[in-house]
Amino acid sequence: MPELPEVEAARRAVEDNCVGKKIVKCIVADDPKVIDGVSPSELQASVVGKTIVAARRKGKNMWLQLDSPPFPSFQFGMAGAIYIKGVAVTKYKRSAVNDEEDWPSKYSKFFIELGDGLELSFTDKRRFARVRLLKDPTSVPPISELGPDALLEPMTLEEFTESLHKKKTEIKPLLLDQSFISGIGNWVADEVLYQARIHPRQTATSLSDESCAALHKSIKEVIQYAVEVDAECSCFPLEWLFHFRWGKKTGKISGKQIDFITAGGRTTAYVPELQKLSGSQDVKEIGKSRRQTSKKKSIDDDDEDNEKPTNGEEDDLGSLKSKKAKKAGGGGRKPSKKKSEESDYDNDGDAGSDENDDNDNVEKKKPGGKQSKKRVQSSQNSRNARRKVK
């Protein structure tokens, strides 16, 4: 699922390649589930002839600021992605595009051609994304309801600690609550909790000051690092949980067993030996097998946690003019009736848990070590060489 790093990579690609250029052509899919609150013809007429002056983002939402309103806005949902023909936006699996494939994708929902011939497409295979036309995207939902952006508007440690201590909910669903902090999705939440050595079902109000500080630090480091490498997962530090969490397969990280539970309705990877849960909830966890937890169907069982991001390409791109276009997004399982559509956007519910145990003596490897720096430098060199299209 595109999270803050992936959406920011898309925003930067648009900013680097599309700003200052006029939209000369626009094709909008006849898909009222994705094209929200505006007809395809109205959206097309509103953007053609306009110049892109900026690309903006908050949380997992992005919009194109034109030389006059209204502006096209994109809520990425589960599988939304920005493609720019000839530009490597990100290596995230659902954002990979092969120049040899038909263009644009049959899953394209919003396509524009710019004055210099450059072409951009917003695609969505799963049809949980939303494309809107808004006069002021920040003044209306969903953007107006978002909490501070995890990258652009980070809380101070004092604000963060105070906020956590007011929340009688489990920490994992709280991090996924976009009204609390915007931009954190399932993989980022698992990663920051692992690095902070906090159990995903720990009650936020029970966290010690030390745990709050560790979590505040890990959020900052993980977000900044992932953004720095344009969400190119092959450049993430090898010691990150990210590389081992996909597909719910049994595995180990640094010799420690990885397990999977459901927290806030989401499949959650964690390392029990390092992320300990104390108190009464600890008793409930004892003897609970992975087979038992796997019987409970979570939203993620049908999306990103069963698909490890790779550097491969999507294998189902087709032509926008395909006769099958009307069936775009029709494949795949339907969301559980017990969950609303909003839950598919990481706005998970709240639940209770208990206190964190920080008594592990395992030294954490920080993103930014020698190996990580080499990866950043390598990524910067390759990114600078490929990103700009003239």
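Trainee: How many disulfides does this model have?

Mentor: A disulfide needs two cysteine sulfur atoms within 2.5 Å. The model is predicted, and by that rule the count is zero.

Trainee: Is cysteine 233 buried or exposed?

Mentor: Buried means under 20% relative accessible area. Cysteine 233 has 6%, so it counts as buried. Cysteine 18 is at 0%, and therefore counts as buried too.

Trainee: Is histidine 199 buried or exposed?

Mentor: The cut-off does the work again. With a relative accessible area of 2%, histidine 199 is buried.

Trainee: What lies 2.9 Å from a polar atom of the histidine 199 side chain?

Mentor: The backbone nitrogen of arginine 201. A polar contact pairs N or O atoms within 3.5 Å.

Trainee: What pLDDT does the protein average?

Mentor: The average is 79, and 68% of the residues score at least 70. Over residues 282-303 the pLDDT is below 50, and this stretch has 44 contacts in the model beyond near neighbours in sequence. Residues 310-376 also fall below 50, with 161 such contacts.

Trainee: How should I read coordinates where pLDDT is low?

Mentor: Predicted coordinates there should not be read in detail.

Conventions: Residues are numbered from 1 along each chain as its sequence is written. This is a predicted model: local features need pLDDT of at least 70, side-chain atom pairs count only at pLDDT 80 or more; totals for chains, interfaces and linings use all residues. Side-chain values use heavy atoms; hydrogens and water are left out. pLDDT is the predictor's confidence in each residue, from 0 to 100. Contact means heavy atoms within 4.5 Å. Buried means under 20% relative accessible area, exposed over 50%, partly exposed in between (1.4 Å probe, protein chains only). A polar contact is a pair of N or O atoms within 3.5 Å; within protein, one must be able to donate a hydrogen and the other to accept it, and residues adjacent in sequence count only if both atoms are side-chain atoms.
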